[in-house]
Amino acid sequence: DWTAEHIIDELVSDVRTQVGDGRVLLAISGGVDSSTLGLLLARAVGEKLTAVFIDHGLLRLGEREQVEAALKPLGVNLVTVDARAEFMAALDGVSDPEQKRKIIGREFIRAFEREARAYGPFDFLAQGTLYPDVIESAGGEGAANIKSHHNVGGLPDDLAFKLVEPFRTLFKDEVREIARLLGLPDHIRMRHPFPGPGLAIRCLGAISEEKLDILRRVDDIFISGLREFGLYDGCSQALAILTPIQSVGVMGDERTYSYTAALRAVTTDDFMTAEWARLPYEFLATMSNRIVNQVHEINRVVYDITGKPPATIEWE
Ligand code: XMP
């Protein structure tokens, strides 16, 4: 009889058999897969696990604190690395989306290697690979290859660990069920996917601290609003985009010339095709009001009503 409890016991015992007394390194992204893996490994090997969370400065408002608050109390040996300055420096003046991805991927590997050496030596590298990922990489031209994702880079030989991938036979729903039993809070357990390059590909063109800060506040109003109105779980993914468009507006007696923010929400089964979410007008009106009232750098809000194809979910 299949129960998630039973699966957890089995995974814990398999991990213990595989790693023995070895030390395990894990990169935490803040998503459900790596977070759940962190909890599972903490249960299996305790302090032999080092989970590294790299804050690249492209995260959502409060995300780093949320990840820490979710994992540390449940016994995950979590190291948070503040790498914001180095990512910002590397991305300075870069506007091409694929260039941004390449740079972020490279900087991520660089920071991760440095931490691996600082806290090492490690015998194993754990990854939250799921069954669909296994199929996809076997197939070659999967969705992961359309854009260069940051989670695919290689590590140098002296960091060539043996892999621990306990979720290789599982689907996302099963990981979510395991996460529930291991005590992962729902806001992470049921979270929409968030791309590795984070807000960098939602801040169109060259990024800056100022623009990221604007986008972070807009995004937080939108995502919190979706949760507040009970609409979050009905969308597969929701995002805010900061466009480089400046347009004329009026605020009180004054003429403004400020940025346009775009909101996007989609429903999809596989992220290969998607429909724009038919969010209620009243909700959109509330979001628009909140955004222009609370984020003074924005004087215009638009909602993206394009499907995929022809548009992608992200704007970059
Ligand atoms: P698109 O924009 O191609 O996105 O329709 C499909 C899904 O992939 C995510 N995505 C990424 N995830 N690194 C990631 O980890 C990336 O570079 C990247 N680009 C897109 C996107 O958020 C959506 O869920």
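**Entry 1: ground rules and domains**

Which domains does the domain assignment of the protein give? I found domain 1 (4-189) and domain 2 (202-303), with bounds that come from an automatic or database domain assignment. Before going on, I noted that this is a predicted model, where local features need pLDDT of at least 70, side-chain atom pairs count only at pLDDT 80 or more, and totals for chains, interfaces and linings use all residues. Residues are numbered from 1 along each chain as its sequence is written.

I then looked at how the domains meet. The centres of domain 1 and domain 2, taken over C-alpha atoms, are 28 Å apart. I see 8 residues of domain 1 in contact with 10 residues of domain 2; contact is defined by C-beta atoms, placed from the backbone, that lie within 7 Å. On the side of domain 1 that touches domain 2, the classes are 5 nonpolar, 2 polar and 1 charged residues. For the classes, Ala, Val, Leu, Ile, Met, Phe, Trp, Tyr, Cys and Pro count as nonpolar, Asp, Glu, Lys and Arg as charged, and the others, Gly among them, as polar.

**Entry 2: the parallel sheet**

Next I traced an open sheet of 5 strands, in the order β3-β2-β1-β4-β5 and with parallel pairing. Why is one side of β3 and of β5 left without a neighbour in the sheet? β3 (78-82) and β5 (162-164) stand at the edges and each has a single partner strand, so one side of each stays without a neighbour there. Neighbouring strands of this sheet are turned by 30 degrees against each other on average, direction ignored. The names follow DSSP runs numbered from the N terminus, with helices (H or I) of at least four residues and strands (E) of at least two. Strands pair if DSSP finds at least two bridges between them.

Helix α5 (residues 97-119) lies across β1, β2 (49-55) and β3, and runs at about 145 degrees to β2. I took that angle as one between N-to-C directions on a scale from 0 to 180 degrees, with axes fitted to C-alpha atoms, for helices over the stretch in contact.

**Entry 3: β1 up close**

How many bridges join β1 to β2? I count 5, and the two strands run parallel; Ile 28 stands opposite Phe 53 in β2. β1 also pairs with strand β4 (residues 124-126) in the parallel sense over 3 bridges, and Val 24 has Phe 124 in β4 as its bridge partner.

Then I checked burial (buried means 20 or more other C-beta atoms within 10 Å of a residue's own, exposed 12 or fewer, partly exposed in between, with C-beta atoms placed from the backbone). β1 is largely enclosed by the rest of the structure, because 5 of its 5 residues are buried. Val 24, Leu 26 and Ile 28 cover one side, Leu 25 and Ala 27 the other. In a regular strand the side chains alternate between the two faces of the sheet.

**Entry 4: the annotated site**

The unreviewed UniProt entry places a "binding site" at Ser 29, Gly 30, Gly 31, Val 32, Asp 33, Ser 34 and Ser 35. I kept in mind that UniProt positions are in the numbering used here, feature names are shortened, and annotations may be inferred rather than shown by experiment.

Gly 30 sits in the loop between β1 (24-28) and α2 (32-45). Gly 30 counts as buried because it has 22 C-beta neighbours inside 10 Å. Leaving out residues up to four places away in sequence, Gly 30 touches Ser 35, Glu 63 and Val 67.

Ser 34 belongs to helix α2. Is Ser 34 buried or exposed? With 21 C-beta neighbours inside 10 Å, Ser 34 is buried. Beyond its neighbours within four places in sequence, Ser 34 contacts Leu 26, Ala 27, Ile 28, Ser 29 and Gly 128.

Last, I followed β6 (residues 237-251) and β7 (residues 254-267), which pair in the antiparallel sense over 12 bridges. They form a hairpin with 2 residues between them, and Gly 252 in the turn has a positive phi of about 65 degrees. Ala 238 stands opposite Ala 265 in β7.

β7 also pairs with strand β9 (residues 298-303) in the parallel sense over 5 bridges, with Ala 261 opposite Val 301.

Notes: Two residues are in contact if their C-beta atoms, placed from the backbone, lie within 7 Å.
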